[in-house]
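Subject: A structure for you to look through

Hello,

I am passing on the structure we talked about, with some notes on what turned up in it. Please have a look at it first and then read on.

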Amino acid sequence: MPILIKDYNWSQTDNQIVVKVPLKGVHKHPAVDIFTYETFIKINCSPFYFEVLLLHPIDETNSRCKILENEAKFILFKKTAEHWDSLELNCSKESRLDEKKEAIKCAQLTAEKKAEDRWNKKCELKRSEIHKEVDREAKIREEIDGLRKSEIVKKLEDIHKNKKEKLIALDMRTGDTVHHQQRTKTIDDSSPPNINSIRTAGNITVKFSARHFPTPQRESQEAAEQEWLMKQHEARKATGFVEEDLRPEERNPQWLKDKGDDFLSKKNFLAAISAFSTAIKTNPKYFELYLNRAAAHFQMGNYYKCVADCSAAYDLITPALLLNAKARAICLARRGAALCKLGMLKQGYDELVAAMKLTPDDEELKRDAEMVKCELDKRNAVE
């Protein structure tokens, strides 16, 4: 369940709107989804969510969003220089939902049109470069062919001239004038042989086999490569499960959950995460898999992933009944603990209080909430 951000600040000038959204630890988050349109802005940084339906349209082309240390800062340019009485449009829930859907639809169409234009421009540029390259290569080949032919003709003429000079010198030494005249006439009448045109170039198609390495295959390196691949395979098996090696009965999500719980009890958290993740691929609607994987992530210090898994598990526990109150309380308590570890004491305390309402008899949960409340009071006193 996302945490909605309401305590934002905004200011304006004649041409700009500046919106500051507090997000603890946003610069360390692996994925931040930012959306800006003429009448709608939002930011999704799990588990936080912020959105505003704007009072007037903005210039989305020049508008931008900056991710700072602990906040997101929107800098929006007004389409018309006018004073805004408020940032958000005041309308009914139904109208708000319709405006939001329309904004998202228009933004998608605009993005698709821009992507198509970029793709067409890229293809056209590529075709133009190919034509230019073909023309350059044809010109180079033509020049090379001309040089080859002229060089061959020159060599043949030199051979013909040398032959004639040798025969003349021989006849002069022997004094055979008649034969000298006949041979000279024969040599003069003869011409260099016809030079056939050089054959045109062709293309050779080469097909490469699939490889796990970027370098070409070498017989001398084949044994070392196979040994390396085997070691990588064994390393993956040692940290959990290699999906292609599982037997059919081992693909049962309940069997994988039991294995993950066993790894969790033995504090092999990496193997537990691997087992729960493999089980989720086979049955993504089993909330206990997310909840138990969140526990492993918490022990590994992966607090953002713990929050995400707790949220996924909580969303799957529907409808909210008395029978599943304990499971929902565990989700909230575990998510609250992870938020506290991330330094978000206020949000973490709210989660623990919500969990206590579901399980009022849990004394350990009460103690944890009291400790967080004390730390929160100390922080507020210092500030």
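Among the contacts in the chain with a separation of 6 or more, 56% are accounted for by residues 24 or more positions apart, where contact means heavy atoms within 4.5 Å. This is a predicted model, in which local features need pLDDT of at least 70 and side-chain atom pairs count only at pLDDT 80 or more, while totals for chains, interfaces and linings use all residues. Residues are numbered from 1 along each chain as its sequence is written, and side-chain values use heavy atoms, with hydrogens and water left out.

The chain has 10 helices and 8 strands; these are DSSP runs numbered from the N terminus, helices being H or I with at least four residues and strands E with at least two. Of its 383 residues, 27% are buried (buried is under 20% relative accessible area, exposed over 50%, partly exposed in between, with a 1.4 Å probe and protein chains only).

After α6 comes Gly301, with a positive phi near 85°.

Axes here are lines fitted to C-alpha atoms, for helices over the stretch in contact, and angles run from 0 to 180 degrees between N-to-C directions; under 35 degrees counts as roughly parallel, over 145 as roughly antiparallel, 65 to 115 as roughly perpendicular and the rest as oblique. On the α6 side the contact includes Phe287, Tyr290 and His297, and on the α7 side Tyr303, Asp309 and Leu316. By class, this contact of α6 with α7 has 11 nonpolar, 1 polar and 3 charged residues (Ala, Val, Leu, Ile, Met, Phe, Trp, Tyr, Cys and Pro count as nonpolar, Asp, Glu, Lys and Arg as charged, and the others, Gly among them, as polar). In α7 itself, Cys306, Val307 and Asp309 are among the buried residues, and what covers the buried residues of α7 includes α6 and α8.

With α8, the axis of α6 crosses at roughly 25° and comes within 11 Å, so α6 and α8 are roughly parallel to each other. Residues of α6 such as Leu291, Asn292 and Ala295 take part, meeting a set in α8 that includes Ile330, Cys331 and Arg334. The contact of α6 with α8 divides into 10 nonpolar, 1 polar and 2 charged residues.

Two single residues are also worth a look. Leaving aside neighbours within four places in sequence, Lys42 is in contact with residues including Asp33, Tyr49 and Phe74.

Thr61 sits in the loop between β6 and β7 and, at 65% relative accessibility, counts as exposed.

Best wishes
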